[in-house]
Amino acid sequence: MNILVCISQVPDTTTKIQVSGDGQTIDKSGVKFILNPYDEFAIEEGLKLREQFGGAVTALTVGSETSKEILRTALAMGVDKACIVKTDAQLDSYNVAENIAGFAKNISPDLIIFGRQSIDFDSSSMAPMVAEMIDMPSISVVSSWKIEGNEIQAERDIEGGKEILSTTLPCVISAQKGLNDPRYPKLPDIMKAKSKPIEEIEPCHGNHLVSLSSMALPSSKRVGMIVGDSDADITSIVTALHEQAKVI
Amino acid sequence: MKHIIVFIEAKDSQSLKRTSHEALTAAQSIAGGASITAFAVNGSEQALQSAGNYGVQSVVLAQHELLGSYSSTATAEALAQYARSIDADIVIVSGNATGKEIAPRLSVKLKAGLLPDCIALSGDTTSIAATRPVYAGKAHITVHSASGKAIIALRPNVFTAKQIGSDAATITAFSPNLEARHARVQVISTMKNEGTLDVAEADIIVSGGRGMKGPEHFPLVEQLASTLGAAVGASRAVVDAGWRPHGEQVGQTGKTVSPSLYIACGISGAVQHLAGMSSSKCILAINKDKDAPIFKVADYGIIGDVFEVLPKLDASLKAMLHG
């Protein structure tokens, strides 16, 4: 099975976000960058399927030179090949999808796996978007699934319950947390990964469909009524919830 | 004239999903003089006609053999064909599980800018701007479509639905040109969680964190939730510890919720938890640590021991609600 896993590098979850001077991007100074947490499940799923069906796993990212770090992690976990569409440009989701789709068209994978969302832009749109560009079916937020021949049955969470879906290979999925237990790369593999080749690919500059005009910290318009725990305090809160906030 | 399409879904045989009401209301707010049509791929006559309560006069119902069981890919194709037939400028969907699957495909099919997970809209059909949270809600960006057409997905529970009429909408059939290749993804079955109210659908959530000190103390949280008709939520710490099921987890790796009222009990307010609930309309925090970060985002806060406060809060609420 020919598997493509698409991963991205994002700021660590504990990063204190500041807007940079350009008013449109974050201030990167002092920010620690990590492999997008949901992508670990994507890489692990690719490796598990290779163990089950044979074949090869390719990890791909679209990003700048520093993004190679996450490809090294993927190589240390055991992917066969690592590629980067190398660009310093701030691409929007659509352009990233176009670049991934272009790469996928060249390698004709049986399966493309994403994490359910990247924790920077939280769009949750890559799997259906790339799938549409290469005319493949897709299922997002897969929490469990099985493949029998070309037939796929997958389970995903929806509001208030679960959906069971069927589709066929080749297809695109995005991984939900808990799909598997990602392996920790072993130290010898981490060391070997440092010198493995990473193929660099020229970005394509496609359609400009979305413009970002500004980024700002959210304005906090909270009431901020903080009281103690006396009976009177508690009553005052209940009254406020009823009369001020009108939520009960 | 500009055209807006709103994708709607039936909740049951009589009504539409609340997220569909929200989408219809949002369409009204930006329409200006544009025409608004609702679009569905299933639903009873009564459910679809009820779109009229939210200002829409016409519902287009796509009918095709391949739309018999729900298929996200067939739905996206049918909607795109309809959008092209009327040269729609804007398609609005809810950013619920269904909407998240079809909106990106619509963006590609119609070469329209995708504006996902929106929490606010401004402007009108000639120039629409959307605000959406990024970096787990630690920043907001303002985006707009650069292509003249836009696919807008709304974060659920943020846009308040408003009934503005009571005339039944008329339903018109639409026959899309679908082939088997359009319906390669099919829903085989759906399972509803029995009994417990899902945090993703609840109007009020009472959530417990590590400050509850153990699973045996969660009945205090459940009791308060029961009094308020609320769902029970949990922080990642208590889910990882096995005290509560994953389905209750609110936060960056759990669910993102925007209820009218979020009550955080014994939750410190780590950024990953705030990511999941910071767009709640009203936040009440109960924690014995006055410096807990949760108090910085709370509308109301009680500094105290949850074991003493929760029973008193429950009693006080019961008195007010049933008094």
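Predicted model: local features only at pLDDT ≥ 70, side-chain atom pairs only at ≥ 80, totals over all residues.
Which helix of chain B lies across β6 and β7 of chain B, and at about what angle to β6(B)? The first legend answers this.

Figure 1. Residues are numbered from 1 along each chain as its sequence is written, and chains are lettered from A and ligands numbered from 1 in the order in which they are written. Helix α1 (residues 18–31) of chain B lies across β6 and β7 of chain B, at about 35° to β6(B). Axes are lines fitted to C-alpha atoms, for helices over the stretch in contact; angles run from 0 to 180 degrees between N-to-C directions. Helices (H or I, at least four residues) and strands (E, at least two) are DSSP runs, numbered from the N terminus. β6(B) pairs with strand β7 (residues 127–134) of chain B in the antiparallel sense, over five bridges. Within this pair, Asp124(B) stands opposite Ser127(B).

**Figure 2. A four-strand sheet with members from chains A and B.** The sheet is open, and its order is β12(A)-β8(B)-β7(B)-β6(B). Pairing is antiparallel; two strands pair if DSSP finds at least two bridges between them. β12 (210–216) of chain A and β6 (120–124) of chain B stand at the edges. Each has a single partner strand, so one side of each has no neighbour in the sheet. From one strand to the next, the twist averages 20°.

**Figure 3. The contact between chains A and B.** On the chain B side, 73 residues are in contact with 69 residues of chain A. Contact means that C-beta atoms, placed from the backbone, lie within 7 Å. The chain B side has 36 nonpolar, 22 polar and 15 charged residues. Ala, Val, Leu, Ile, Met, Phe, Trp, Tyr, Cys and Pro count as nonpolar, Asp, Glu, Lys and Arg as charged, and the others, Gly among them, as polar. Strand β13 (residues 225–227) of chain A runs parallel to strand β16 (residues 300–303) of chain B, joined by three bridges. Here Val227(A) stands opposite Ile302(B).

Figure 4. Strand β4 (residues 90–94) of chain B is mostly covered, with five of its five residues buried. A residue is buried if 20 or more other C-beta atoms lie within 10 Å of its own, exposed if 12 or fewer, and partly exposed in between; C-beta atoms are placed from the backbone. Ile90(B), Ile92(B) and Ser94(B) point one way, and Val91(B) and Val93(B) the other. Strand β1 (residues 3–7) of chain B runs parallel to β4(B), with three bridges. Val6(B) stands opposite Ile92(B). Strand β9 (residues 150–154) of chain B also runs parallel to β4(B), with five bridges. In that pairing, Val91(B) stands opposite Ile151(B).

**Figure 5. The largest nonpolar core.** This core has 116 residues. A nonpolar core is a set of buried Ala, Val, Leu, Ile, Met, Phe, Trp, Tyr and Cys residues joined through C-beta atoms within 7 Å. Val5(A), Val130(A), Val6(B), Val91(B), Ile92(B) and Ile152(B) touch the most other members. Helix α3 (residues 93–107) of chain A gives the largest share, seven residues. A second, separate core of 60 residues includes Phe121(A), Val134(B), Ala202(B) and Trp243(B). Beyond its neighbours within four places in sequence, Val6(B) is in contact with residues including Ala23(B), Leu24(B), Phe39(B) and Ile92(B).

**Figure 6. Helix α2 of chain A.** Helix α2 (residues 68–77) of chain A is mostly covered, with eight of its ten residues buried. Among them are Ile70(A), Arg72(A), Leu75(A) and Met77(A). The buried residues pack against β2 (9–11), β3 (33–35), α1 (37–53), β4 (56–63), β5 (81–86) and α5 (187–193) of chain A. Gly78(A) follows the helix, with a positive phi near 130°.

**Figure 7. Domains of each chain.** An automatic or database domain assignment supplies the bounds. Chain A is divided into domain 1 (2–201) and domain 2 (218–248), with C-alpha centres 43 Å apart. Chain B has domain 1 (3–183) and domain 2 (199–322). Their C-alpha centres are separated by 32 Å. Eight residues from domain 1 of chain B and nine residues from domain 2 of chain B form the contact.

Conventions. Contact = placed C-beta atoms within 7 Å.
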